[in-house]
Amino acid sequence: MKEYWGSLASILGVLAFCQSLLHVLFPPELRFATLKLFNRVFNMFTSYCYFDITEIDGVNTNELYNAVQLYLSSCVTISGSRLSLTRALNSSAITFGLTNNDTIFDTFNGVTVLWEHIVTQRQAQTFSWRPLPDEKRGFTLRIKKKDKSLILDSYLDYIMEKANDMRRKNEDRLLYTNSRGGSLDSRGHPWESVPFKHPSTFETLAMDPVKKAEIIEDLKDFANGQSFYQKTGRAWKRGYLLYGPPGTGKSSMIAAMANYLGYDIYDLELTEVHHNSELRKLLMKTSSKSIIVIEDIDCSIDLSNRKKGSPNNSSSIGRSYWNSITLSGLLNFTDGLWSCCGSERIFVFTTNHIDKLDPALLRSGRMDMHVFMSYCSFPALRILLKNYLGNAESDLDEGVLKELEEVIDKAEMTPADISELLIKNRRNKDRAVIELLEALKNKAEMKLKSGECVREKNLNDVGEEEEEEEQEKRALESPKEGCDYEDSIKKEEEDEEKKIK
Ligand SMILES: Nc1ncnc2c1ncn2[C@@H]1O[C@H](COP(=O)(O)OP(=O)(O)OP(=O)(O)O)[C@@H](O)[C@H]1O
Ligand SMILES: [Mg+2]
């Protein structure tokens, strides 16, 4: 045994000697060159080429690594024996990923590639400004040499795009506001954001189904229209004007749009913006794939005397010295060159009074779609009944449905009013429907009565007007009558004179 240990020690000693001899005989430069040569020879005989995408590129996080990880998570099936699971900040979804040293095949444009996830221990760190993780992670992409030029660039672009899409879908929407005025945060950002969790969707939105389908189609075309907008030379943006009485679902529609497209919302408070240049800065700091909203546009900007006024008075927001946003500034915001500094953005203006808006805001090309959000119609009521009471159409009595249909348009109630009634009685579906019907009937009756009153008043007004006209006529005729009277007196005098003669 002793002999055995003795011979092992001598072998190790010889090896150590050889190694130190190698170090002396082959300096690092020579060793590096030998390795390079070996790689070259290896590359000559292999039909593949390899690309390493490391997690950390120098000291910065490599965006491509994160994108590949996310992209591959969509290729990995749940049937895999071991997967890594992650949930990002602000995200409500869990993504799957490859575990250490796992491989996966992917196909792009008919070409099959192999991805390998490689994790190795990082060597002990010397001093660094930024501590690096203990593990060195990276992906290696293996492509056949003949396919490299064919797909590499477009494949990586495709991965980045797909990963961005997935990130947006996984992450919760953000709602940005400029309520801080023009001041910037520590990162020089004028917008403040909160997670946007509005549950409104096109399914829950109560409105005419035909109009709804039209809007959904329009949004779909817009979101998929990159090449169309490029081909036609138009900026990739779209404007919607939502108008109608309060409580008809304008804000709910905006939330439904954001949820449908997976866009963030920028809620622009115009009264907090003091100059046109500030408006431009805000616009520049909005991201692509977003909806920029100006609610109650008629209340935010004085649009009345645009033509008469200088930028400092009539066409400015409010009357204060500090607010000098002009309508032309706003139009530049939506329509001018600056509006194109990002792409894929939707502008939405809302108003309760479309008649108060300047025609310049309404002209075609500016607001591409004008959507009237009206009082609750029968098809919209059906959606509300389903939302709040979970009623399938067959649950409701035919007679009740018919009564509802007859009275709904006459009542002119908003979806908000009806929602309130249904929420109140949501535990008792029958009572909810009966109370709703009663409320609708009462409202319709009131409308009818007030309509009659107005009609009567109008008739009275017409009657009074006719009377007045008659009087005026008489007044006009009275001078003539006066003339007749004078004539008759003259005649009488003449007759008297004749008699005396
Ligand atoms: N069309 C609708 N479909 C579903 N729910 C609606 C609809 N309209 C209104 N509601 C309900 O009424 C509430 C208020 O609606 P919303 O804020 O969207 O109205 P609005 O038209 O924006 O009103 P305003 O003009 O006062 O801003 C919503 O939270 C929603 O519950
Ligand atoms: Mg609103």
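Colour by secondary structure: the protein chain has 15 helices and 15 strands. Helices (H or I, at least four residues) and strands (E, at least two) are DSSP runs, numbered from the N terminus. This is a predicted model: local features need pLDDT of at least 70, side-chain atom pairs count only at pLDDT 80 or more, and totals for chains, interfaces and linings use all residues. Residues are numbered from 1 along each chain as its sequence is written, while chains are lettered from A and ligands numbered from 1 in the order in which they are written.

Now colour by burial. Of the 501 residues in the protein chain, 22% are buried. A residue is buried if 20 or more other C-beta atoms lie within 10 Å of its own, exposed if 12 or fewer, and partly exposed in between, with C-beta atoms placed from the backbone. Among contacts with a separation of 6 or more, 70% join residues 24 or more positions apart; a contact means C-beta atoms, placed from the backbone, within 7 Å.

**Stop 1: the cores**

Select I254, I291, V293 and V348. These have the most contacts inside the largest nonpolar core, which has 62 residues. Such a core is a set of buried Ala, Val, Leu, Ile, Met, Phe, Trp, Tyr and Cys residues joined through C-beta atoms within 7 Å. Domain 2 (174-372) and domain 3 (378-501) both give residues to this core, so it lies between them. The domain bounds come from an automatic or database domain assignment.

Centre on V348. Leaving aside neighbours within four places in sequence, V348 touches Y240, L242, I254, I291 and V293. Then jump to A67, L70, W115 and I159: they belong to a second, separate core of 13 residues.

**Stop 2: the four-stranded sheet**

Show β1, β8, β7 and β6. In that order they form an open, antiparallel sheet. Strands pair if DSSP finds at least two bridges between them. At the edges are β1 (48-54) and β6 (103-108), each pairing on one side only. The twist averages 25 degrees from one strand to the next.

Seven bridges join β1 to β8 (residues 135-144). Pick I53: opposite stands F139 in β8. Axes are lines fitted to C-alpha atoms, for helices over the stretch in contact, and angles run from 0 to 180 degrees between N-to-C directions.

How many of the six residues of β6 are buried? The count is zero. Six bridges tie β6 to β7, and I104 has W115 as its bridge partner. The two strands form a hairpin with two residues between them. In the turn, N109 has a positive phi of about 50 degrees.

**Stop 3: the seven-stranded sheet**

Select β10-β9-β12-β13-β14-β11-β15, an open sheet with mixed pairing. The edge strands are β10 (192-196) and β15 (369-372). Zoom to L241: its bridge partner in β15 is H370.

**Stop 4: helix α8**

Select residues 276-284. The buried residues of α8 are L279, L282 and L283. Seen down the axis, they fall within an arc of 100 degrees, so they line one face of the helix; the arc is that of the directions from the helix axis to the C-beta atoms. They pack against α10 (327-335). Exposed S277 and M284 sit on the face turned away.

Note on methods:
Two residues are in contact if their C-beta atoms, placed from the backbone, lie within 7 Å.
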